[in-house]
Amino acid sequence: MEAKTARSELTQSAIVDVALEMARLDGLDSLSIGEVAKRLNLSKSGVFSRIGSREALQAAVLDAFEKTFQQDVILPALREPRGLPRLDAMVRAWLRRVDGPHGNCLYVAGAFEYDDRDNDAMRERLLDGVRRWRSTLRRTLVQALDAGQLREDTDLDQLIFELDGLFTALVREVRFLRTPDAVDRAWTSYTRLMAPLRLGASLPAAPSLTP
């Protein structure tokens, strides 16, 4: 019985992994039970019995994306001192994550997929994720202010707007325009944006794209 349960959990994990890759390449709306089943050489009923409906599959994919986002971007940065060192670490990790052929951000891409779908559960999930990301940025910037690392007259709303806009622009440069040095340009934009606001701290070194 335990072996059967383990196999079922392994299959469910494989389903979500394949669906997440599909969503990264073609968007959440591209997901279908049939296509996932085909890629894993499973029956549609086999996928359905483990995941449920297409909507449940989309929700499971977004859960998986959010988990990896936390693991790749947020948690490593928490090991850094509060304030700007932590913000620099988050930005480095975000750039590293987006770089490459499969580095799409569902928060960014999903915003364009679901922007005009009012009363849609997936839109609300994505909106909540974006808001939590912005809240993380705000909390980190407030800590930087409290630590005397930022000018007291820093407009946090404007700064968050510009940081989030930088991330959105980077996804378009990497995914759509395929600009080869997009990550380097994004880091340059970040350092230029932050330079006049920093107090008593040198500019951070450019990020390495290896973990």
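1. Ser189 is located in helix H9, which covers residues 182–194. With a relative accessible area of 37%, Ser189 is partly exposed, because that class lies between the limits of 20% for buried and 50% for exposed. Along the sequence, Ser189 is 26 residues from Leu163. In space, the C-alpha atoms of Ser189 and Leu163 are 9.4 Å apart. The model discussed in this note is predicted.

2. The overall make-up of the protein may be described next. The protein contains nine helices and zero strands. Read from the N terminus, the order of its elements is therefore written α-α-α-α-α-α-α-α-α. The protein has 211 residues, of which 41% count as buried.

3. The largest nonpolar core comprises 61 residues. Leu28, Leu87, Trp94, Trp133 and Leu170 have the most contacts inside this core. Helix H4, residues 54–77, contributes the most to the core, namely 10 residues.

4. Which residues does Leu170 touch, if those up to four places away in sequence are not counted? Leu170 touches Trp94, Leu95 and Val98, and also Ala182, Val183 and Ala186. Leu170 is also one of the residues with the most contacts inside the largest nonpolar core.

5. The packing of H4 against helix H5, residues 84–98, can be described by the axes of the two helices. These axes come within 7 Å and cross at roughly 140°. H4 is therefore oblique to H5, because only angles over 145 degrees count as roughly antiparallel. The crossing of H4 and H5 is right-handed. From H4, the residues in contact are Phe65, Thr68, Phe69, Asp72, Val73, Ile74 and Ala77. From H5, they are Arg86, Ala89, Met90, Ala93, Trp94 and Arg97. By class, the residues of this contact are nine nonpolar, one polar and three charged.

6. H5 also packs against helix H7, which spans residues 121–146. The angle between H5 and H7 is about 150°, and their axes are 8 Å apart. H5 takes part through Leu84, Arg86, Leu87, Met90 and Trp94. The partners on H7 are Trp133, Thr136, Leu137, Thr140, Leu141, Gln143 and Ala144. This contact of H5 with H7 has eight nonpolar, three polar and one charged residues. Arg86, Met90 and Trp94 of H5 take part in the contact with H4, and Arg86, Met90 and Trp94 are also listed in the contact with H7.

7. Most residues other than glycine have a negative phi. Asn41 is not a glycine, yet its phi is positive, at about 60°. Asn41 sits in the loop between helix H2 (33–40) and helix H3 (44–51). Is Asn41 buried or exposed? Its relative accessibility is 72%, so Asn41 counts as exposed.

8. Arg178 likewise is not a glycine and has a positive phi, of about 55°. Arg178 belongs to the loop between helix H8 (156–177) and H9. The relative accessible area of Arg178 is 67%, and Arg178 is therefore exposed.

Terms used:
Residues numbered from 1 in each chain as written. Predicted model: local features only at pLDDT ≥ 70, side-chain atom pairs only at ≥ 80, totals over all residues. Heavy atoms only, no water. Core = buried A, V, L, I, M, F, W, Y, C linked by side-chain atoms within 4.5 Å. Buried < 20%, exposed > 50% of the residue type's maximum accessible area, 1.4 Å probe, protein only. Helix = DSSP H or I, 4+ residues; strand = E, 2+ residues; numbered from the N terminus. Contact = heavy atoms within 4.5 Å. Axes fitted to C-alpha atoms, helices over the stretch in contact; angles between N-to-C directions. Parallel < 35°, antiparallel > 145°, perpendicular 65-115°, else oblique. Left-handed = near helix turned anticlockwise from the far one by under 90°. Nonpolar A, V, L, I, M, F, W, Y, C, P; charged D, E, K, R; others polar.
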